[in-house]
Amino acid sequence: MNDTTQTAPSSVRGRGGARGTSAPPAARTARPGRGPRRHSIRTSQWAAWGFLTPVTAYLAVFYAYPMYKNLDLSLRDYTVMSFVHGGAPFAGLGNYTTVIHDPTFAPALAHTLIFTGASLFFQYTLGLGLALFFHQHFRLSATLRALFLVPWLLPLIVSASTWSWMLNSDSGVVNYALHLAGITPVDWLTSPHWSLISVILANIWIGIPFNLVLLYSGLQSIPAGLYEAAALDGAGAWQRFSRITFPLLRPVSAITLLLGLIYTLKVFDIIWIMTRGGPVDSSTTFATWSYRLGFGNLLPAFGPGAAVGNLLVIIALLFGLIYIRTQRTTPAA
Amino acid sequence: MKTVLSRRRLAAAGLAAVTLATTATACSSSSSGTGSTGSAASGTYTIWDPYPQYDNSSAWVQLLTKCGTSAGVTVKRTGFDTTDLTSKVLLAAQQGKAPDVLIVDNPVVSTLAEAGVLTDTSATKVDTSAIEPNLLAAGQLNGKTYGTPIGANTLALYYNKNVLQAAGVDPASVKDWASLNTALAKIKAAGKKGISISAIGTEEGSFQFLPWFWGSGANLTNLSSPQAVDALTLWTTWIKDGYAPNAALQDTQTTSWQEFATGQVGFAENGTWQLSNAKKAGFPYGIIPIPAKNGGTAPAPTGGEFVTVPVQGDTARYATSEKLVACLSSADNAYTTDTALGYIGATQAVQQKQSTDSDLVPWIQAVQAAKGRTSDNLGTKYPKISQPLWTAVQAALSGSASPSGALQTAQNSAASAK
């Protein structure tokens, strides 16, 4: 601790040295002192760069470069030949126009928005409901809360395959239950009207724990005193929720929704395992479409595949910016 | 503090967004290190195959090692999942690190050939004269041959003797589509499912549909012909009338086999590779070829892999690669390999040896009638036809379009893809 208190002021002074307020006494007592101090400026800057390098290198190698490659891929007219031997001609926005004029584009965009919107809405409301429920600390609440995390802990291949078996038209347990209840069975995964709903259902189930955990921790940070004061003032349960809990939970809610949005936009595994985006395009989203273009065919279409991927990035960034904007405009909570 | 926090959040949001994009390209950075080729002097030759289920103790890998030893080199073998192999090879070739010998699914051969990844047999002197022409055709493009089949498999109809007997169906009576439909109706009346098929929205779906498509007399260059509509109508009525399970739309060939293996299904359209599972199924089974519309055996698509030699910077390596390929496809070794992999031999010599096993006889006949998907010089046009085709099958079977409407859409999109 002593070390830091000794070095820290000198570096602070060093940085503010231009103002010259504290420099004269030091200069008066020992003129050679300037040397070491400049040296210490340099070392601290080097140290700063040293700390920055690993993360910068990591970001450059694993984010910036792939991002650049993906952009490059989407702007060139790649065939398998030019993919291997280079020399793909620059196509400008050709891949993007191809993708936008593709008959799959409109349904894929609509499905992406519906899938994301419906998933977020239900994940958030159900997650919040459960968080409030578990906030009451009844007996076994911790155990039950832990059990609710199971969907989150299961590998996606396991949960998606299980959903796919449960929703099987002929031998699925869901249709069996419907049959017992006297309701006509539904072709959950093989009917163009139901396939999107089925994958949304599975995705909501998988996303609830994430919302539950974040919102529950948000609830814990709300001081209990506020509720006591509100109770003294005669606030009912609904008023306590709408006047205290919900407003104070807003920052946590916002980040939960944003992260949820980004996770949901790129959901691929669940849809691919359950329906392959089908039948026809009835459950195709941008994520599955991008994969199908790039890898789902004997003859890969890398350019259009990358273009669809980039459109997804743009959508995610757009919502990120909206988030920042709302954070700026809302008064500090 | 507030702004700092939100900036961090922005950064976090930005990063998370960026990871979206990296999912597609991540593969390209991950595969570079796998199985690089040493120089010719080192005497190590790399072989990639799509049989990850075989480890170093398996007969297959031991055969590779033995072939390497007799060619005077060390063999370094890597097994990949078959769906991964195409992109892995393309990326490796991009970085000049393609394996010396590549064993790859036959419809991929023309894609890789068009990518300039594969040598043709005139450069490597691989001898393909003994190979059955209908099997070799899948690896031929513009008069050049890009590999040699290691063996072949195809589709036929398995049937459950118990189910057929209970329903009063004689399998020998199934000779064309009409008699098959009669049989399926009887099985349904007896309270069982008629037939299990895989109509999934991937290449597997096209693979399964092709025997009926070709069996109707349709041709891949015209997807909307009346014959093609007949074939798709046949499948659509199977689903509508409950002869085939509705789950066929999401079933892979493995899951549709599992339905047959429950013993509740009369017929199963499935491949040679299920033969060993059929023996374990616990009920008596039989095999008949897939009937064409008006009788006779319908051409089924060939499955199975080709042994190919990817292009190398150092062309001196081809001589040894040729020795490895010759060793793998020599009659004795091919027989061992085909037995191990559950394939029918690609040469008459191997097929004759296999015909002593009565279980294999219907399969040898089916393979002789089979047809490569990329044959007829379709090459890389095939993938652009196959995707609209499986989409049409899905559209008609799910009821979102009529068979003729679905196939018209398919033909339009296949034609516009050039």
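Analyst: **A helix crossing in chain A**

The crossing in which H6(A) passes H14(A) is right-handed (near helix turned clockwise from the far one by less than a right angle; anticlockwise is left-handed). This is a predicted model, in which local features need pLDDT of at least 70 and side-chain atom pairs count only at pLDDT 80 or more, while totals for chains, interfaces and linings use all residues. Residues are numbered from 1 along each chain as its sequence is written, with chains lettered from A and ligands numbered from 1 in written order.

Helix H6 of chain A covers residues 105–134 and helix H14 of chain A covers residues 250–265; they pack at an angle of about 140° with axes 10 Å apart (lines fitted to C-alpha atoms over the stretch in contact, with angles from 0 to 180 degrees between N-to-C directions). From H6(A), the residues Thr112(A), Phe115(A), Thr116(A), Ser119(A), Leu120(A), Gln123(A) and Tyr124(A) meet Thr256(A), Leu257(A), Gly260(A), Leu261(A), Thr264(A) and Leu265(A) of H14(A) (contact: C-beta atoms, placed from the backbone, within 7 Å). By class, six of these contact residues are nonpolar, seven are polar and none is charged (nonpolar: Ala, Val, Leu, Ile, Met, Phe, Trp, Tyr, Cys, Pro; charged: Asp, Glu, Lys, Arg; polar: the others, including Gly).

Chain A contains 17 helices and zero strands (DSSP runs numbered from the N terminus: H or I of at least four residues for helices, E of at least two for strands). Of its 333 residues, 34% are buried (20 or more other C-beta atoms within 10 Å; exposed is 12 or fewer, partly exposed in between). Among chain A contacts with a separation of 6 or more, 67% join residues 24 or more positions apart. Chain A is divided into domain 1 (2–75) and domain 2 (104–329), bounds that come from an automatic or database assignment. Where these domains of chain A touch, domain 1 supplies four residues and domain 2 supplies six. The domain 1 side consists of two nonpolar and two polar residues, with no charged ones.

Between the chains, 48 residues of chain B contact 49 residues of chain A. On the chain B side, H1 (2–30), H3 (82–94), H4 (106–114) and H17 (381–397) each contribute at least two residues. H1(B) gives the most, 18 residues. That side of chain B has 22 nonpolar, 21 polar and five charged residues.

H17(B) also packs with H18 (residues 403–416) of chain B, where the axes come within 8 Å and cross at roughly 160°. H17(B) is therefore roughly antiparallel to H18(B), and this crossing is right-handed. Here Lys384(B), Ile385(B), Pro388(B), Leu389(B), Thr391(B), Ala392(B), Ala395(B) and Ala396(B) of H17(B) meet Pro403(B), Ala406(B), Leu407(B), Thr409(B), Ala410(B), Ser413(B) and Ala414(B) of H18(B). The H17(B)–H18(B) contact has eleven nonpolar, three polar and one charged residues.

Elsewhere in chain B, Leu184(B) sits in helix H8 (residues 177–189). Leu184(B) counts as buried because 25 other C-beta atoms lie within 10 Å. Leaving out residues up to four places away in sequence, Leu184(B) touches Gly194(B), Ile195(B), Tyr243(B) and Gly266(B). Pro284(B) is 100 residues along the chain from Leu184(B), and their C-alpha atoms are 18 Å apart.

Note on methods:
Two residues are in contact if their C-beta atoms, placed from the backbone, lie within 7 Å. Angles under 35 degrees count as roughly parallel, over 145 as roughly antiparallel, 65 to 115 as roughly perpendicular and the rest as oblique.
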